[in-house]
Amino acid sequence: MSASENTITLSKAETLIEALPYFQRYAGRTFVVKYGGHAMGDPKAAREFADDIVLLKAVGINPVVVHGGGPQIGAMLKKLGVESEFIDGLRVTDKATAEIAEMVLSGAINKELVGWIAKAGGKAIGISGKDGGLVTARKVQRTARDPESNIERVIDLGFVGEPSEVDTTIIDTAVAAGMIPIIAPIGAGEDGHTYNINADTMAGAIAAALGAARLFLLTDVAGVLDKEKRLLTDLKPADIARLREDGTISGGMIPKLETCVQAVESGCDAAVVLDGRVPHAMLLEFFTSRGAGTLISAG
Ligand SMILES: Nc1ncnc2c1ncn2[C@@H]1O[C@H](COP(=O)(O)OP(=O)(O)O)[C@@H](O)[C@H]1O
Ligand SMILES: CC(=O)N[C@@H](CCC(=O)OP(=O)(O)O)C(=O)O
């Protein structure tokens with residue numbers, strides 16, 4: 001072996017040793033990983049994502065994946081000539097849109113991810129919030145104050161839901177059988193309707209119910225950015241309230257951070273928003289001392 005080959009081999013071994021305390025600390029714990037629709041487009045990134053998930057499983061951590069698919073739902077709606085509108089990062093969902101969202105999320109996307117995990121050597125099981133009574137949804141209520149009259153009015157988002165109850169039996173069963181659950185953000189309402197749930201919200205509720213060690217939200221930005229586009233590396237719930245008020249965060253980042261706050265305040269140790277386009281971002285964040293993205297922890 002040449003001197004340079006020797007150095008590379010040694011640095012690989014050192015990387016593994018650097019990760020050892022993390023493997024030991026988190027063996028047997030759960031990581032909930034939300035894989036966003038924007039991060040999903042590139043097959044190479046999807047392959048690397050699947051490798052990371054299977055590696056977590058191999059070192060004794062239980063990964064649970066919740067996926068999005070907003071851009072893919074948008075493309076299908078466009079193909080079918082159905083208009084779509086977002087309010088505060090949530091898609092206004094009539095009955096036809098809910099049916100299309102369920103078809104895209106629980107069908108094509110869910111099974112594609114199951115396939116990627118299988119190719120990486122893992123055993124995945126694709127489900128939605130409807131399976132095994134995993135997620136019961138209630139209708140999301142949003143209000144807005146009319147700037148002229150100052151009267152608060154209710155905005156109807158249609159069949160947009162949020163988890164009101166999470167029964168983790170189906171996840172526990174799949175994990176006990178050595179499988180990796182891949183979950184589509186669709187839930188059944190107590191009223192019998194199908195609800196379209198923002199994937200971040202779904203992942204946060206599941207992370208809280210499982211008492212996860214981490215909630216990773218993989219997206220298409222480096223993390224939460226300030227007004228000068230600099231990365232904010234550590235945030236507490238009070239910081240997030242301030243960033244929302246002063247308009248630093250908008251669009252899809254609003255439900256994302258609301259989710260992080262709720263998750264860390266109800267059973268999940270910490271949440272991380274990070275760039276799913278960066279190869280192996282999750283492993284770099286977690287198993288090295290370098291870190292990446294924005295870490296959200298309770299105050
Ligand atoms: N302060 C902020 N920092 C980073 N991203 C922000 C911020 N405010 C709004 N965003 C937007 O939030 C987007 C991420 O949310 P979203 O589009 O829902 O992603 P995903 O589909 O991955 O869930 C970013 O691409 C960015 O446009
Ligand atoms: C209510 C609501 O907005 N639901 C989302 C569900 C998918 C999702 O959240 O996908 P991303 O994570 O890729 O954005 C939607 O219809 O787009």
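Reply: A nonpolar core is a set of buried Ala, Val, Leu, Ile, Met, Phe, Trp, Tyr and Cys residues joined through C-beta atoms within 7 Å. Buried means that 20 or more other C-beta atoms lie within 10 Å of a residue's own; exposed means 12 or fewer, and partly exposed is in between, with C-beta atoms placed from the backbone. This is a predicted model, in which local features need pLDDT of at least 70 and side-chain atom pairs count only at pLDDT 80 or more, while totals for chains, interfaces and linings use all residues. Residues are numbered from 1 along each chain as its sequence is written, and chains are lettered from A and ligands numbered from 1 in the order in which they are written.

The largest nonpolar core has 85 residues, and V32, V65, I117, I206, A207 and L215 have the most contacts inside it. Leaving out residues up to four places away in sequence, L215 touches V32, A203, G204, A207, C260, A263, C268 and A271; a contact needs C-beta atoms, placed from the backbone, within 7 Å.

I117, also of this core, is one of the residues of helix 4 that meet helix 2. Helices are DSSP runs of H or I with at least four residues, numbered from the N terminus. On the helix 2 side, A46, R47, A50, I53 and V54 take part, facing W116, I117 and K119. By class, this contact has 6 nonpolar, no polar and 2 charged residues, where Ala, Val, Leu, Ile, Met, Phe, Trp, Tyr, Cys and Pro count as nonpolar, Asp, Glu, Lys and Arg as charged, and the others, Gly among them, as polar.

The shell around ligand 1 has 6 nonpolar, 11 polar and 3 charged residues. N6, by contrast, counts as exposed because it has 10 C-beta neighbours inside 10 Å, and N6 is placed in helix 1 (residues 3-26).

Note on methods:
Two residues are in contact if their C-beta atoms, placed from the backbone, lie within 7 Å. Helices (H or I, at least four residues) and strands (E, at least two) are DSSP runs, numbered from the N terminus.
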